[in-house]
Amino acid sequence: MLDRIDRIVRPIAIPNLTITLVGCQFVFWVLSLVDPTMIERGKLVWDLVIAGEVWRLGTFLLIAPTSNPIFAVFYFYIFYMMGTALEQQWGNIRYCSFIYVGILLSLIAAGIAHDQAVTGFFLEATVFLAFATYNPNFEFLLFFVLPVKIKYLAWLQAAVYVLTFIAAPMAGKMLVLASVGNYLLFFGRGLFGKGANFHRQLTWKKKQTAQAKVPRHVCHVCKIDSNTHPKMEFRYCSQCDGHFAYCEEHLRDHPHVNKNAKG
């Protein structure tokens with residue numbers, strides 16, 4: 001499926017897409033500092049698009065998640081770093097496919113939540129999740145001081161998705177589903193394989209643990225075993241028919257098992 005999407009996207013792929021997005025977002029962010037109403041006029045509201053404000057189909061991707069200069073610069077840097085890393089790892093076509101599918105799903109989500117405002121924040125968050133999937137041990141300096149592995153931040157983002165889906169209005173719910181759908185489309189097969197492998201390992205460990213609890217030797221007479229009495233020596237009687245173990249006390253003092261006689 002991804003190969004088919006790549007073939008569709010190839011003619012319209014934009015080289016250095018991350019740089020283009022970050023550059024346009026930065027320009028929009030600067031302009032919004034001069035005219036704060038640009039943010040509201042840039043959000044995607046499907047009813048307003050139908051009414052003629054078609055620019056919202058593109059400007060919703062340009063809205064930065066913060067107006068604070070420090071956090072905005074940090075956001076632009078992180079998005080640029082992760083986006084270009086994915087673009088180099090995947091190649092331009094596959095990376096454009098990832099972004100374009102995310103845009104399409106966001107547009108569908110906005111159409112369902114037709115009268116509610118939508119931004120590109122959740123779409124951009126999928127870039128973070130994709131980067132974290134490939135680089136789980138990459139370390140961030142949280143607040144520029146505390147080193148934190150990105151996989152823990154990704155789990156935190158997943159928790160935010162769950163809470164957003166529960167508490168948010170329809171637009172938020174649809175954007176969460178769009179983001180998850182975009183991510184699973186590109187990573188679902190690998191995640192399913194990892195999950196299946198983890199399940200096999202867990203099953204094997206449980207089996208090994210269960211086998212470790214089974215005593216190697218059990219006295220046929222008094223039923224004490226090598227787990228409850230690890231220092232006890234057990235022997236097997238050559239005169240008994242079968243594989244019967246006996247503790248030191250009953251090795252020479254036990255009735256021999258004779259299956260033929262018993263029958």
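Me: Is Asp6 buried or exposed?
Reply: In this predicted model, Asp6 is buried, since its relative accessible area is 9% and the buried class covers values under 20%.

Me: Which residues of helix H1 are buried along with Asp6?
Reply: Helix H1 spans residues 2-9, and its buried residues are Leu2, Ile5, Asp6 and Val9. They lie on the same side of H1, because the arc they cover around the axis is only 105°.

Me: Why would residues three or four places apart point the same way?
Reply: An α-helix has 3.6 residues a turn, so positions with that spacing point the same way.

Me: And which exposed residues sit on the face of H1 turned away from the buried side?
Reply: That face carries Arg4, Arg7 and Ile8, each of them exposed.

Me: Back to Asp6, then. Which side chain does Asp6 meet in a salt bridge?
Reply: Asp6 meets Arg94, with an N to O distance of 2.6 Å. Arg94 belongs to helix H7 and Asp6 to helix H1, so this pair ties together parts of the chain that are 88 residues apart in sequence.

Me: Which residues are linked with Arg94 in a network of salt bridges?
Reply: The network links Arg94 with Asp3 and Asp6. The side chains of Asp3 and Arg94 meet at 3.2 Å, N to O. That pair also joins distant parts of the chain, with Asp3 in helix H1 and Arg94 in helix H7, 91 residues apart.

Me: Is Arg94 buried or exposed?
Reply: Arg94 is buried, at a relative accessible area of 19%, where the cut-off for buried is under 20%. Asp3, by contrast, is partly exposed, with a relative accessible area of 48%.

Me: How many salt bridges does the count come to?
Reply: The count comes to six salt bridges. One of them is the contact between the side chains of Arg56 and Glu53, at 2.5 Å, N to O. In that pair, Arg56 is buried with a relative accessible area of 5%, whereas Glu53 is partly exposed with 24%.

Me: Changing topic to cavities. How many are there of 30 Å³ or more?
Reply: There is one cavity of 30 Å³ or more. The volume of the largest cavity is about 70 Å³.

Me: Which residues line the largest cavity?
Reply: The lining consists of Leu21, Gln25, Leu61, Phe79, Ile99, Ile103, Leu123, Glu124 and Val127. Helix H2 (17-34), helix H7 (92-112) and helix H8 (121-134) are the elements that give two or more residues to this lining.

Me: Which helix gives the most to that lining?
Reply: Helix H8 gives the most, with three residues.

Me: What about Leu123, is it buried or exposed?
Reply: Leu123 counts as buried, with 7% relative accessibility, and its place is in helix H8.

Me: How far apart are Leu123 and Lys223 in space?
Reply: The C-alpha to C-alpha distance between Leu123 and Lys223 is 65 Å, and the two residues are 100 apart in sequence.

Me: Where is Lys223 found?
Reply: Lys223 is found in the loop between helix H10 (170-213) and strand S3 (235-236). Its relative accessible area is 51%, so Lys223 is exposed, given that the exposed class begins over 50%.

Me: What is the phi of Lys223?
Reply: Phi of Lys223 is positive, about 70°, although Lys223 is not a glycine. Asn16, likewise a residue other than glycine, has a positive phi near 50°.

Me: Where does Asn16 lie?
Reply: Asn16 lies in the loop between H1 and H2. Asn16 counts as partly exposed, at 47% relative accessibility.

Me: Last topic, the surface. Which residues form the nonpolar patch?
Reply: The patch is formed by Val162, Leu163, Phe165, Ile166 and Leu177, which together have about 500 Å² of accessible area.

Me: Which helix supplies the largest share of the nonpolar patch?
Reply: Helix H9 (residues 150-167) supplies the largest share, four residues. Val162 is one of the residues in helix H9.

Methods
Residues numbered from 1 in each chain as written. Predicted model: local features only at pLDDT ≥ 70, side-chain atom pairs only at ≥ 80, totals over all residues. Heavy atoms only, no water. Patch = residues over 30% accessible without salt bridge, like charges linked within 9 Å, V, L, I, M, F, W, Y side chains within 5 Å. Areas by Shrake-Rupley, 256 points an atom, 1.4 Å probe, with all protein chains shown as cover. Salt bridge = Lys/Arg side-chain N within 4 Å of Asp/Glu carboxyl O. Buried < 20%, exposed > 50% of the residue type's maximum accessible area, 1.4 Å probe, protein only. Arc of directions from axis to C-beta. 1 Å grid on protein atoms, 1.4 Å probe; cavity = no way out; pocket = protein on both sides within 12 Å on 5 of 7 lines; lining within 4 Å. Points joined across faces, edges and corners; volume = space filled by probe spheres on them.
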